[in-house]
Amino acid sequence: MGGPGVSGDVVRLVEADLRKKAEGVVDKARRLCVANSVQGVVEVVDGEPRHVLCNAVDKHHADLLVVGSHGYGAIKRALLGSVSDYCAHHAHCSVMIVKQPKSKN
């Protein structure tokens with residue numbers, strides 16, 4: 001695993017896996033929209049999520065952006081940043097933040 005070509009091979013494998021997962025998410029989103037008579041725009045865009053989402057709001061003239069929340073604690077949020085918090089402050093439309101349900105342990 002130490003050769004010069006390995007890192008490029010690994011990157012290509014990871015990117016291929018991410019593309020495959022993205023295609024699955026897009027397919028599921030399209031099926032959900034059709035099943036619920038929702039007209040939606042589904043696209044995959046590379047980049048920093050907070051900027052990609054805010055740019056998509058502008059590009060599609062969205063009235064509402066719905067984002068999920070991981071529910072990170074204050075320390076993780078400080079280190080990683082919060083995409084939902086960024087969007088709530090920078091998107092040019094209303095933002096709905098959907099929290100993960102609490103686990104029943």
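**Group meeting: the H2 and H4 helix pair**

Colleagues, I begin with a helix pair: the axes of helix H2 (residues 49-60) and helix H4 approach within 9 Å and cross at roughly 35°. Axes here are lines fitted to C-alpha atoms, for helices over the stretch in contact, and angles run from 0 to 180 degrees between N-to-C directions. In handedness, the crossing of H2 past H4 is right-handed, a term for the near helix being turned clockwise from the far one by less than a right angle. On the H2 side the contact involves Pro49, Arg50, His51, Leu53 and Cys54, and on the H4 side Val83, Tyr86, Cys87 and His90; contact means heavy atoms within 4.5 Å. By class, these residues comprise 6 nonpolar, 2 polar and 1 charged. Here Ala, Val, Leu, Ile, Met, Phe, Trp, Tyr, Cys and Pro count as nonpolar, Asp, Glu, Lys and Arg as charged, and the others, Gly among them, as polar.

A note on provenance: this is a predicted model, in which local features need pLDDT of at least 70, side-chain atom pairs count only at pLDDT 80 or more, and totals for chains, interfaces and linings use all residues. Residues are numbered from 1 along each chain as its sequence is written, and side-chain values use heavy atoms, with hydrogens and water left out.

As for confidence, pLDDT is the predictor's own, per residue, from 0 to 100. The chain has a mean pLDDT of 85, with 88% of its residues at 70 or more.

The chain contains 4 helices and 2 strands, in the order α-α-β-α-α-β along the sequence. Helices (H or I, at least four residues) and strands (E, at least two) are DSSP runs, numbered from the N terminus.

Let me turn to two individual residues. Val52 belongs to helix H2. Its C-alpha is 10.0 Å from that of Cys87, at a sequence separation of 35 residues. Beyond its neighbours within four places in sequence, Val52 contacts Val45, Asp46 and Gly47.

Ser84 sits in helix H4, which spans residues 83-90. Is Ser84 buried or exposed? Ser84 counts as buried because its relative accessibility is 8%; buried means under 20% relative accessible area, exposed over 50%, partly exposed in between, with a 1.4 Å probe and protein chains only. Not counting residues up to four places away in sequence, Ser84 touches Val67, Gly68 and Ile97.

Finally, across the chain of 105 residues, 12% are buried.
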